Amino acid sequence: MDAAELDRVRRARGGDAEAFRGIVEAYSRPLWRAAFRILDDPAAAEDAVQIAFLHAWRALDRFDESAELSTWLFRIAVNAAIDQRRDRTRRETLAGALPEDFDGQVAVRSPAADPHRHAVSRQLIDRARDAIAELSQAERTAILLRHFEGRSIVEIARALGGDESAAKQAVFRAVRKLRAVLAPLMEVPRGESA
Amino acid sequence: MASRPDEELILFFYGEHEAPQDVERDLATDGDLSRRYDALRRELSALDGLDAPEPRAGLEIRMWARLAPAVTRRPGILRLPAGWLGWAALATGALVLALGGFLAGRIFHPAPTENSVASNLQALPPAARERVLEAALADHLDASQRLMLEVANGSASIDDERVWAETLLSANRLYRRAAERAGQRRVASVLAEIEPLLAQLADAPGTFDLGVARAQIAKQDLLFKVRVTRNNLKELS
């Protein structure tokens with residue numbers, strides 16, 4: 001964390017709303033993107049980011065200054081998004097309006113071309129989103145930071161509050177679980193195999 | 001040589017392998033390893049479909065607007081409301097107030113000028129700007145109504161409400177002037193009626209008797225008037 005950001009955190013911790021506003025302005029977009037990946041809904045992503053910032057504001061006293069503010073906020077936002085997603089699923093279930101989860105399953109089996117390819121792709125994305133939501137918190141943070149944010153293992157270790165070996169293991173476990181979900185849905189083009 | 005485990009391929013995929021040249025060499029010569037790596041790459045690439053678009057313009061402004069009331073209320077005063085009604089109330093007024101950064105400005109720093117508010121808004125596309133303003137006015141009326149309800153129900157202390165009233169007062173002046181300029185006389189008139197109450201609460205000393213404010217709300221039927229005006233805006237938010 002650079003000196004300016006550290007100063008901002010310290011001032012915000014002391015109750016300086018303008019300093020916190022600087023943090024909000026700097027991180028709204030990356031946090032929104034992280035939340036969107038989980039929620040696939042722009043408005044819900046904004047709600048999750050709002051909740052995340054409120055959590056962060058109240059938890060600033062507990063923020064470890066040796067950690068990266070960005071990864072700390074990221075983790076809070078991802079958790080807020082996961083909570084939102086669970087709430088949404090519960091509401092949809094209660095309303096009896098759970099979407100047809102396997103709409104795309106028919107498409108996978110269909111021999112037809114483009115529309116189904118789109119459906120398959122849509123299904124893959126939905127499944128990937130579900131699978132990410134099902135990961136443990138450490139695994140989810142690790143894979144989102146590594147795959148989407150391009151963060152190094154060292155940075156992930158810092159975000160998780162552990163060592164590099166634990167961060168690597170979290171990435172490995174996440175990849176293994178995601179592959180287990182995605183692989184069956186992916187068609188290996190015939191003739192490509194040796 | 002013995003085939004490399006998946007863990008090494010994952011590290012290689014993410015550019016974290018300590019000896020990438022060795023992996024590249026093996027991939028070029030080991031067909032089975034190469035196939036395994038292709039499968040890994042294909043499956044992980046499927047995650048790219050989750051890439052997020054850019055958020056709607058003005059996200060930072062909207063976000064601060066939502067957060068400002070909670071963040072700028074003094075520690076100990078903030079009571080985060082529970083349930084969706086509570087969250088709605090929390091968002092209420094926030095949009096308005098933070099549009100100009102009033103809250104922070106009034107409490108900690110010199111208040112930003114109307115020009116700075118205008119320039120923030122000018123950064124938005126026209127349709128979005130109009131929606132933001134309309135929704136902000138609706139939120140402002142909700143927030144004013146909630147403040148009056150707390151006062152009328154006797155559930156508030158002046159220490160709790162002073163800061164909130166001060167921020168609402170700033171927003172109220174802006175909206176009243178905007179409504180006057182736009183020829184929306186009814187809206188302007190209601191905003192003008194609640195302004196003295198907000199000013200009174202904002203400047204009230206610790207010994208202020210909230211009964212005076214309660215009497216004013218009842219005598220002028222302020223809650224009813226605000227509710228009606230807000231309902232007329234219902235479709236806007």
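Chain A contains 9 helices and 0 strands, where helices (H or I, at least four residues) and strands (E, at least two) are DSSP runs numbered from the N terminus. Along the sequence, chain A follows the pattern α-α-α-α-α-α-α-α-α. The model is predicted, so local features are given at pLDDT of at least 70 and side-chain atom pairs at pLDDT 80 or more, while totals for chains, interfaces and linings use all residues. Residues are numbered from 1 along each chain as its sequence is written, chains are lettered from A in the order in which they are written, and side-chain values use heavy atoms, with hydrogens and water left out.

Of the 194 residues in chain A, 48% are buried; buried means under 20% relative accessible area, exposed means over 50%, and partly exposed lies in between (1.4 Å probe, protein chains only). Contacts are defined by heavy atoms within 4.5 Å. Among the contacts in chain A between residues at least 6 apart in sequence, 62% join residues at least 24 apart.

The two chains meet through 47 residues of chain B and 48 residues of chain A. About 4,500 Å² is buried between chain B and chain A, and carbon and sulfur atoms give 65% of this area. Buried area is here the accessible area (1.4 Å probe) that two parts lose on being put together, summed over both. Tyr14(B), Glu43(B) and Leu50(B) supply 15% of the area that chain B buries against chain A, more than any other three residues.

Between chain B and chain A, 15 residue pairs are in polar contact, with both residues at pLDDT 80 or more. The side of chain B that touches chain A receives at least two residues from each of α1 (6–13), α3 (31–45), α4, α5 (83–91) and α7 (102–108) of chain B. The largest share of this side, 10 residues, comes from α4(B). A polar contact is a pair of N or O atoms within 3.5 Å; within protein, one must be able to donate a hydrogen and the other to accept it, and residues adjacent in sequence count only if both atoms are side-chain atoms.

A kink of about 35 degrees lies at Arg66(B), shortly before the proline Pro69(B). The bend at a residue is the angle between axes fitted to the seven residues ending there and the seven starting there. The helix α4(B) is mostly covered, with 14 of its 14 residues buried. Arg62(B), found in this helix, is buried with a relative accessible area of 8%. A polar atom of the Arg62(B) side chain lies 2.6 Å from the backbone oxygen of Ala57(B).

Over all chains, the count of salt bridges comes to 34. In chain A, the side chains of Glu65(A) and Arg10(A) meet at 2.7 Å, N to O. Glu65(A) lies in the loop between α3 and α4 (69–94) and Arg10(A) in helix α1 (residues 3–13), so the pair ties together parts that are 55 residues apart in sequence. Glu65(A) is partly exposed at 26% relative accessibility, as is Arg10(A) at 45%.

In chain B, Glu195(B) forms a salt bridge with Arg176(B), the closest N and O atoms being 2.7 Å apart. Glu195(B) lies in helix α11 (residues 185–202) and Arg176(B) in helix α10 (residues 158–181), so the pair ties together parts that are 19 residues apart in sequence. Both Glu195(B) and Arg176(B) are buried.

Most residues other than glycine have a negative phi. Asp40(A), by contrast, has a positive phi near 55 degrees. Asp40(A) is placed in the loop between α2 (17–39) and α3 (42–59) of chain A and is partly exposed at 32% relative accessibility.

Conventions:
Salt bridge = Lys/Arg side-chain N within 4 Å of Asp/Glu carboxyl O.
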